[in-house]
Amino acid sequence: MQIRLFSKFKKNKVKRSLATFISQHFNDKEGWMINEDDLELLIKLVQYVRPEHPHRILQVDLSEFLTFLDHNPTFRKELGIYLKQILTQKKFNFTVTDAGILQDVDFFYEVRRRLYAKILPNQPQKDTLEFVLNQVFYLPSDIIWVEKIPFEQLKKLYELLEFGSIYETVTPFTPLSEVMNAMTLITQRIGGRAMETDVLKMVPEYDGIESPFTAFEKELLMIEKRIKSSEPHYLTSDDLSYKQLLILHHQCEEYVDKAFKNSNKYGISLRVNQNLLRIRQQLTRLKVLFPLMIVDSESDIQENAIKMSVQLIKYNCYKSNVRKFIAESTELLSYEITQHTAKTGEHYITETRSEYLKMLRNSLGGGLIVGFMCIIKLMLSKVDTSYFGQAFIYSMNYSLGFITIFLLGFVLATKQPAMTAAALARALEKGHKKGENHSPNYGVFATLFARVFRTQFIAFFGNCIMAFPMALLLIWGYDQILGYNLASSKWESMIADNSPIHSLAIFHAAIAGVFLFLSGIISGMVSNRDKHNDVYYRIQEHPLLKRTFGKKRTKQFAQWYEKRWSGIISNFWFGVFMGSTASIGLFLGLNLDIRHISFASGNLALAVYGSEFHITNLMLFWGIFGVGVIGLINFSVSFGLSLGLAFRSRAISIFEVRFVTLAIWTHFKQKPMSFFFPTERKVKSEEEIKSH
């Protein structure tokens, strides 16, 4: 008997020949030397074939193994019998219905469940195919190399092992029966979820008409009855009932797409998002199963069985995938959040000189409030209290100050990047719409970025140019009235905190940048939640409010709530983040703190007065230089995180950044002053920007 080597799958390791491997389990005289019900041989055979680095290889070649089977008919026959014995009467309908599909609408429970399953995988009963797959293809990467096996080689393997047709019978626990049962169960689950009140609320267009899910379920049950009761046990692709089923399935997909699209109108909760996502996953699963009912030629019988086998392995490998689940679950919510911030961010992008000067006035107002906040925080630092007490009073100082700035229409520098990033991504999104052939116009993005940058520049300038003299004036007034210099004992540490080389100012500025990003997320989440729960309409039509304040004032309050509430909440939490970080750092023994450009400017003024103006030029230089560095880090971190989220929510690749960067650099070389001062005399149309 001629034995060929089977060693090309792991080129970096010395492997036994296939003959040596097989001889440990089988010989021509005695047959199998193991229990034929044992999975050990199949596990070892797959392990023998499994490549070390499936991501790095282009193709898994089974030609040597196929040649070995072809030249060894006794082993080929016994291997076929062994595999059929293992796979016969194995239930797998729950693998089809459940694997990789959301099991619960509770997002965090689903994450915990999947993480737990990764550490300690669920082991089903031994009479199920899932048990076999768990034992044999137990690595998540197994599907990667299985899909890299040429389909023609899989067909050859199927023929050599003499596997039969899956359409021979539809008795219980046969492959076709399991597939049909799985399709029925999925359809019933979809129908139940689609009829829930919160889901129906997302598609008022379907009120008063029959749900497409009901019609789809009826049609599928009719087809399944036909397949099970008549010969042959399959359909052809030109079958009218099958075509009708595809039409109804498409209508179900449109229903879900419409619900997702309407989230822009009605908002969406995480629970409803998970419900719709589950329905979409189940519809996709059905779409994969449909072709298994179709046989147009003799070759389809074999090909469908192979495709079904690969799909089952795939579903089982990906059933505990946490990364994909989080990505799918948060995509729409991140879109809705960034959609809100994009609309808000458009108000923070200056185009004309009048808008630029208005931003300067508003930033000067913000700097005025910051000056008060700096002196109040210095006064609060003298209070002898616990870490929690310190975190509370600092947080309230920040929160009330930020809310005041927001309600008065003033501007806090670096608060806008989290908003403007989404507006920029929305501009770039236009070139990525499905069905459009044109590429994104990076010139439009570069032009908008120049406007964003100059808006930040003037906001920085306005905040700092006002916060510094205001803080200086307030501490001087305090000293004149009460005869006490508040900063006399802390001025050295205050100025050192600004220096990027004498402290962790850069790291602390990055922390503030993260908080700026989170405040934008909170604003979008609150707005989305209130929209979905009809909070504004509830307030407007509240009978007690209308009776007490009248319809007009109640409506005005509802409009004020709609416009302001999300901003108030986001500013409140931004203040809590800023005020509690240092206390949390002290509690944990970590050097945690925040640095913000506007407060760095005000604190520099307090430090200068605290030193009684006896500050060295070098210290002053590092203090002023640190203010600029802190502002740059604040902007870069918050803008970068927000832009990344906006890109992801709009399915724009992060690799677009290199093209965007090049476009910005080109625009800067052509019009450098547009990054600092407005060059437009009037509002340009989109066509004018594109022509630029």
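This is a predicted model: local features need pLDDT of at least 70, side-chain atom pairs count only at pLDDT 80 or more; totals for chains, interfaces and linings use all residues.
**Stop 1: the whole protein.** Show everything as a cartoon. The protein has 30 helices and two strands. Now colour by burial. Of its 692 residues, 50% count as buried. Look at contacts too, counting pairs with a separation of 6 or more. Residues 24 or more positions apart account for 82% of these contacts.

**Stop 2: a helix pair.** Select residues 353-380, which form helix α18, and residues 387-407, which form helix α19. Two packed helices are described by the angle between their axes and the distance between the axes. Here the axes come within 10 Å and cross at roughly 170 degrees. Angles over 145 degrees count as roughly antiparallel, so that is how α18 and α19 run relative to each other. Their crossing is right-handed.

**Stop 3: where the pair meets.** Show side chains. From α18, select G366, I369, V370, M373, I376, K377 and L380. They meet I393, Y394, N397, Y398, G401, F402, T404 and I405 of α19. What kinds of residues make up this contact of α18 with α19? There are 10 nonpolar, four polar and one charged.

**Stop 4: the largest nonpolar core.** In soluble globular proteins, nonpolar side chains tend to be buried together. The largest nonpolar core in this model has 85 residues. Which members touch the most others? They are F213 and M293. Select F213. Leaving out residues up to four places away in sequence, F213 touches I190, G191, A194, C252, Y255, V256, I279 and L283.

Conventions. Residues are numbered from 1 along each chain as its sequence is written. Side-chain values use heavy atoms; hydrogens and water are left out. Axes are lines fitted to C-alpha atoms, for helices over the stretch in contact, and angles run from 0 to 180 degrees between N-to-C directions. Helices (H or I, at least four residues) and strands (E, at least two) are DSSP runs, numbered from the N terminus. Angles under 35 degrees count as roughly parallel, over 145 as roughly antiparallel, 65 to 115 as roughly perpendicular and the rest as oblique. A crossing is left-handed if the near helix is turned anticlockwise from the far one by less than a right angle, and right-handed if clockwise. Contact means heavy atoms within 4.5 Å. Ala, Val, Leu, Ile, Met, Phe, Trp, Tyr, Cys and Pro count as nonpolar, Asp, Glu, Lys and Arg as charged, and the others, Gly among them, as polar. A nonpolar core is a set of buried Ala, Val, Leu, Ile, Met, Phe, Trp, Tyr and Cys residues joined through side-chain atoms within 4.5 Å. Buried means under 20% relative accessible area, exposed over 50%, partly exposed in between (1.4 Å probe, protein chains only).
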